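Here is a short briefing on one protein model. Keep the structure open as you read, and look up each residue as it comes.

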Amino acid sequence: MSVDDIDFDDFRDKPLSAEAIRVLHYMTDVETHTVCYLRDLLVTPSHQNPRITAFLTMWNFEEYWHGDVIDKILDVHAEINGLPRHRAVRVAQGFKGNVIAPITQCLTAAVLGEDFIATHMTWGAVNEWSAHAAYGRLIELEQHATLTKILQRIQQQESRHLAFYMSEARERLAKSRKAQRITRFALRKFWAPVGSTITPKAETRFVLNYLLGGEGGNKMVRMLDQKVDKLPGQEGLSLVSKAVRAFGVRVATA
């Protein structure tokens, strides 16, 4: 993603709100942690599929640069960013996040076999839908021309990632009732908003309430739930609305 034409000094003349800065910290933490998610996935059946690993390579590269460009915005605002911040996030995961979690995922995926890939692809689709929507909501709330230009470019790449995840998820779920059941169980029991497993709960709560609170945010939550409902065997989960309510977001039921 090229940003050579972006005038980052525009943020000095028109700085972002404190709320937007806090959200961008969260977003870059998520984007730059992608390599750790990739680490965990490469010990699952997904790594045996050359098409999927080719995609994951591109996905990891582009997500890294999303974090890098967000760091540039934070740097102009004199915020801590870059390697010191990213290292702190990884260290904070401790033994459980850095050692136990990858081993657990490896063993679980080995037991599930090929059907694990359907769950992986569905999980990825939900996360990409959520990320794309979050960037769009921040654009809407902040109304900053330069930020909008940057985030729309990130959204374009997220849309490509989403297209892959969604097509793979639909195809794999449609072919296997077992995959549908496993995926439904995994989403219902373990899915949580992107970033909530690597950041303090207070930060997740703030970001979700800022982006998804109010009628505009409620519409977005309902839209995400509807997208999940259209995946084979995943209807009626109310996945996103239930997850964000757990963080104190007031979401209308209709």
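## Loops, helices and rings

Ala78 lies in the loop that runs between helix 4 (50-76) and helix 5 (83-91). The model is predicted. The points below go through loops, helix pairs, aromatic rings and pairs of residues set apart in the sequence.

- Start with Ala78. Its phi is near 60 degrees, which is a positive value in a residue other than glycine.
- Ala78 counts as exposed, because its relative accessibility is 70% and the cut-off for exposed is over 50%.
- Now move to Gln143. This residue sits in the loop between helix 7 and helix 8.
- Gln143 is not a glycine, yet it has a positive phi of about 50 degrees.
- Is Gln143 buried or exposed? Gln143 is exposed, with a relative accessible area of 63%.

**Helix 7 with helix 8**

- Two packed helices are described by the angle between their axes and the distance between the axes.
- Helix 7 covers residues 115-142, and helix 8 covers residues 145-175.
- Their axes come within 8 Å and cross at roughly 155 degrees.
- Angles over 145 degrees count as roughly antiparallel, so helix 7 and helix 8 are roughly antiparallel to each other.
- The crossing of helix 7 and helix 8 is left-handed.
- Which classes of residue make up the contact of helix 7 with helix 8? By class, the contact has 18 nonpolar, 10 polar and five charged residues.

**Helix 4 with helix 7**

- Helix 7 also packs with helix 4, at an angle of about 25 degrees.
- The axes of helix 4 and helix 7 are 14 Å apart.
- Angles under 35 degrees count as roughly parallel, and therefore helix 4 is roughly parallel to helix 7.
- The crossing of helix 4 and helix 7 is left-handed.

**Aromatic rings**

- How many aromatic pairs does the count come to? The count comes to eight aromatic pairs.
- One of these is formed by Tyr64 and Trp65, with 5.1 Å from centre to centre and 80 degrees between the planes. This pair is edge-to-face.
- Tyr64 counts as partly exposed, at 42% relative accessibility. Trp65 also counts as partly exposed, at 33%.
- Phe185 and Phe190 have ring centres 6.0 Å apart and planes at 80 degrees, so this pair is edge-to-face.
- Phe185 is partly exposed, with a relative accessible area of 42%. Phe190 counts as exposed, at 55%.
- Which residues do ring pairs link into a cluster? The cluster holds Phe55, Trp59, Phe164 and Tyr165.
- A charge also meets a ring. The charged end of Arg22 sits over the ring of Phe206, 4.0 Å from the ring centre.

**Apart in sequence: how far in space?**

- Thr108 is in helix 6, which covers residues 94-112. Thr108 is partly exposed, with a relative accessible area of 41%.
- Thr108 and Thr44 are 64 residues apart along the chain, and their C-alpha atoms are separated by 8.6 Å.
- Arg177 has its place in helix 9. At 60% relative accessibility, Arg177 counts as exposed.
- Arg177 and Gly233 are 56 residues apart in sequence, and 7.7 Å apart in space from C-alpha to C-alpha.
- Lys178 is also in helix 9, which covers residues 177-190. Lys178 counts as partly exposed, at 43% relative accessibility.
- Lys178 and Val251 are 73 residues apart in sequence, and 32 Å apart in space from C-alpha to C-alpha.
- Leu211 is in helix 10, which covers residues 201-212.
- Is Leu211 buried or exposed? Leu211 is buried, because its relative accessible area is 4% and buried means under 20%.
- Leu211 and Tyr26 are 185 residues apart along the chain, and their C-alpha atoms are separated by 12 Å.

Methods. Residues numbered from 1 in each chain as written. Predicted model: local features only at pLDDT ≥ 70, side-chain atom pairs only at ≥ 80, totals over all residues. Heavy atoms only, no water. Axes fitted to C-alpha atoms, helices over the stretch in contact; angles between N-to-C directions. Helix = DSSP H or I, 4+ residues; strand = E, 2+ residues; numbered from the N terminus. Parallel < 35°, antiparallel > 145°, perpendicular 65-115°, else oblique. Left-handed = near helix turned anticlockwise from the far one by under 90°. Nonpolar A, V, L, I, M, F, W, Y, C, P; charged D, E, K, R; others polar. Phe/Tyr/Trp six-rings, centres within 6.5 Å; stacked < 30°, edge-to-face > 60°. Buried < 20%, exposed > 50% of the residue type's maximum accessible area, 1.4 Å probe, protein only. Lys NZ or Arg CZ within 6 Å of the ring centre and 35° of its normal.
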